[in-house]
Amino acid sequence: MGISKSFPGVRALDDVHIDLRHGEVLALVGENGAGKSTLMKLLAGIYQPDAGTMELEGAPMSPAGPRQANELGISVIHQEFHLMPDLTVAQNIFIGREPRRASLIRDDELERRAGLLFERLGIPLDPRQPVSHLSVAGQQMVEIAKALSFDARVLIMDEPTAALTETEVATLFRIVRDFVSPRTGVIYVSHRMEEVKEISDRITVLRDGHYVDTMPTAETATRQVIAAMVGRQLEVGVRPDPAAPDPAEREVVLSVRGLTTRKLLKDVSFDLHRGEILGFAGLMGAGRTEVARAIIGADRSTGVVEVKGKRVAVRNPADAVRNGIGYLSEDRKRYGLLLDQDVVRNVMLSSLPGMTRAGFVRDLDGRRVARQMVDQLAIRTPSVTQTTKNLSGGNQQKVVLAKWLVRDCDVLIVDEPTRGIDVGAKDEIYGLLTSLAAQGKSIIVISSELPEVLRLADRIVVMCEGRITGTLANADATQHDIMELATRFGADHLITTGDAE
Amino acid sequence: MTTKTTATKRTPTRFGNRQQLQQILAFAGLVVIFGFFSFASPYFLDWANVKGILLATAVTGIMALGATFVIATGGIDLSVGTGMTLCSVMTGVFLANLGLPLVVGVLGGLAVGALIGLLNGLNVSYLRLPPFIATLAMMMVAQGLSLVISGTKPIYFSDVAGFDELAGGELIPGLPNAVLIFFAAAAIAGVVLSKTLTGRYALSIGSNEEATAISGVDVRRWKVVIYVVAGLFTGLAGVVMASRLNSAQPGLGLGYELEAIAAVVIGGTSLRGGKATILGTVIGALIMATLTNGLRIMSIPQEWQKVAVGIVIVLAVYADILRRGKEA
């Protein structure tokens, strides 16, 4: 009973079959573009299959929409949040099913029910808070609570831990385990092998829209799973030999002194050398992204920024780019891409003034450059005129990276460069950043995944609560050292670690 | 993650040029409307009538060209109607009252348009007013100023030699200059929108303003430039209007902005920004004028003409939504 789904020019799923048993957590893994999200959307009734059937407890099932899927007992937690920021937590959870009396909404009852739900799930949230006041993790918890507020028999989660810290992940896993009973099951979509190993009973692997294999988690090594996903052996987390001479001995390209913002940053100072990859580690909310945004002038700050020894005034990102500083945001959909425009336009966006003749944009050059980038970065797209919203996450990230490569900035700040990207694409991006540094570019890598920082960085700056608490050379840094510095001020949550130790 | 590429390479013609399809659709609509009226009324295809349609398109069309740039950024420009009037009146002041040379007066009219755009742009960019509010305010200011400056009376250009020839003359016999000016302006607008930084950034800002800013584009400055470009078209519309009427009518203009916006929307430009074509706007403006003209020829009362235009707007935008839904 293979299931298939095509999009214009793209066959997203081809004869895929999965089965979820009562009382189990089934992990669904695969590279970006493997078809996990499409499969989920079929189950959730967002898409309809072109061929194939679905059954729920032996009865044929074909939800015509998300609402009907909910009524059948299928609840989905999507990677992207679907919350109304100005409504309260309780209003969000019960949207569309508000308790009413004489057609007036009973907010007290709404809040009471949300409170009960949180109590049952052990989530410490105030139902009356507007969602916009919550952290990303808090919003994730609201999504989970909303999904579980239906009488769900099947819970589907897409990368639920992408934005969570370790303690929050532990809370999530507890909720998942509580949920699983002889009449329920969970489909857990994730890139994080460590979590998959911890939470799942069986693992189903998809690749390129095809079904590959289903394996019992307990009897399967992580390497086997990854091999099935990418179809080749993959070394994760091995750092290439450090460059010689030591980049930290070379001239300083970017010097930051006393960077301070009203909200968070206090006296942040560091140097970035030519050809160096400088890692920024820290817990969520430590201020790493804020440092980047202050440097590029996206947020206001005080302090001195020097590029190649000259003090520069950076009032906005345009000034930053003019001074050779590019920033690749952690949120590529919001700050990275023109989603409804094609690859060419996205790749050219930062470099347009240099690509004009007599005031006219040279589109042919842009197209040629875009093709070159597609080849160089192995961007998987039918053509350079493909709209970027139709690309997978990893390929979108490569398009954003291509934009900065075309601009040829001396300093590149990459914020969570591999977030939501599969291991194969991750490895490609690591290789790319390393080779850029070898060509003399200076790179700041902000990452929540310690193995990623250790894999890439020559030196590691650790931040905690808006300050730099230490700078380590990679050679003597361990995850333990970084963690210690990252929690120097006694923060109560821990960093998320990846699967390499 | 929703898509996966197949090995086959796709040619750009089928998928990449959705905007062409959009224009073909709008153009087909225009042909249908044209066909219907020429069937319904023997006078419709008369050259004098077709000329009338083109003339009626010219002023709204020029305003719509400017509005297309602002709408491409995801903004809206409500000031093009009364702004056009203010430009007419100021052209009258320059030429009829002050007796300045013709060229200076015309350039002065354009400059007033640019100034309106500049103020709109500064208000939107640096005071961070929503475009709707900034241009609504400008709409009122321009209307008020037109009446104050003219003393609520029309300014006549009877003593300004050659001014009425600007739009009313026929460089190409049989075709009024106003129509030529409209098509020339459309050609320029088309090149600016698709081939220059101004146009490219307008579409980028409309697609994703934050990403455009992070990419190193000085969004605030470029928005001002875009509003100034829109203002220049407003100025041109004002001059053409004044020349056609051989007078500046301070009471006119209110409501023209909505017709201009309607033309842009019928042409397939998205009010959310990021998608816009000049050809679409030209076709949209032609559809509006053809419809009004045809209904009038069929002796349908003016009140009902408005109803018909409203229905056409709904149909046009709904057709666009349907088509997009299929492609998504």
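Predicted model: local features only at pLDDT ≥ 70, side-chain atom pairs only at ≥ 80, totals over all residues.

Biologist: What makes Ile175(A) buried or exposed?

Modeller: The relative accessible area of Ile175(A) is 4%, and buried means under 20%, so Ile175(A) is called buried. In sequence, Ile175(A) and Glu428(A) are 253 residues apart, and in space their C-alpha atoms are 35 Å apart.

Biologist: How do you know whether Ala358(A) is buried or exposed?

Modeller: Ala358(A) belongs to the loop between β19 (356-357) and β20 (360-361) of chain A. Its relative accessibility is 73%, and exposed means over 50%, so Ala358(A) counts as exposed. Although Ala358(A) is not a glycine, its phi is positive, at about 50 degrees.

Biologist: What is the phi of Thr152(B), and where does this residue lie?

Modeller: Thr152(B), which is a residue other than glycine, has a positive phi near 60 degrees, and its place is the loop between α6 (131-150) and β1 (155-156) of chain B. With a relative accessible area of 54%, Thr152(B) is over the 50% cut-off and is therefore exposed.

Biologist: Why is Leu115(B) called partly exposed?

Modeller: Leu115(B), in helix α5 (residues 102-125) of chain B, has a relative accessible area of 48%; because this value falls between the cut-offs of 20% and 50%, the residue is called partly exposed. On the surface, Leu115(B) forms a nonpolar patch with Leu118(B), Leu119(B), Leu122(B) and Tyr126(B), and together they have about 400 Å² of accessible area.

Biologist: Which residues gather in the patch of positive charge?

Modeller: That surface patch brings together Arg262(A), Arg300(A), Arg128(B) and Arg220(B), and Arg and Lys count as positive. One of them, Arg300(A), lies in the loop between α9 (288-295) and β16 (302-307) of chain A, and its relative accessible area of 81% is over 50%, so Arg300(A) is exposed.

Biologist: How do you know that the span of helix α4 of chain B agrees with its number of residues?

Modeller: At 1.5 Å a residue, the 18 residues of α4(B), numbered 80-97, should span 26 Å, and because the C-alpha atoms at its ends are 24 Å apart, the two values agree.

Biologist: Why is α4(B) described as largely enclosed?

Modeller: Of its 18 residues, 16 are buried, so α4(B) is largely enclosed by the rest of the structure. The helix α4(B) is followed by Gly99(B), which has a positive phi near 70 degrees.

Notes. Residues numbered from 1 in each chain as written. Chains lettered and ligands numbered in written order. Heavy atoms only, no water. Helix = DSSP H or I, 4+ residues; strand = E, 2+ residues; numbered from the N terminus. Expected span 1.5 Å × (residues − 1). Buried < 20%, exposed > 50% of the residue type's maximum accessible area, 1.4 Å probe, protein only. Patch = residues over 30% accessible without salt bridge, like charges linked within 9 Å, V, L, I, M, F, W, Y side chains within 5 Å. Areas by Shrake-Rupley, 256 points an atom, 1.4 Å probe, with all protein chains shown as cover. Salt bridge = Lys/Arg side-chain N within 4 Å of Asp/Glu carboxyl O. Charge placed at Lys NZ, Arg CZ, Asp CG, Glu CD.
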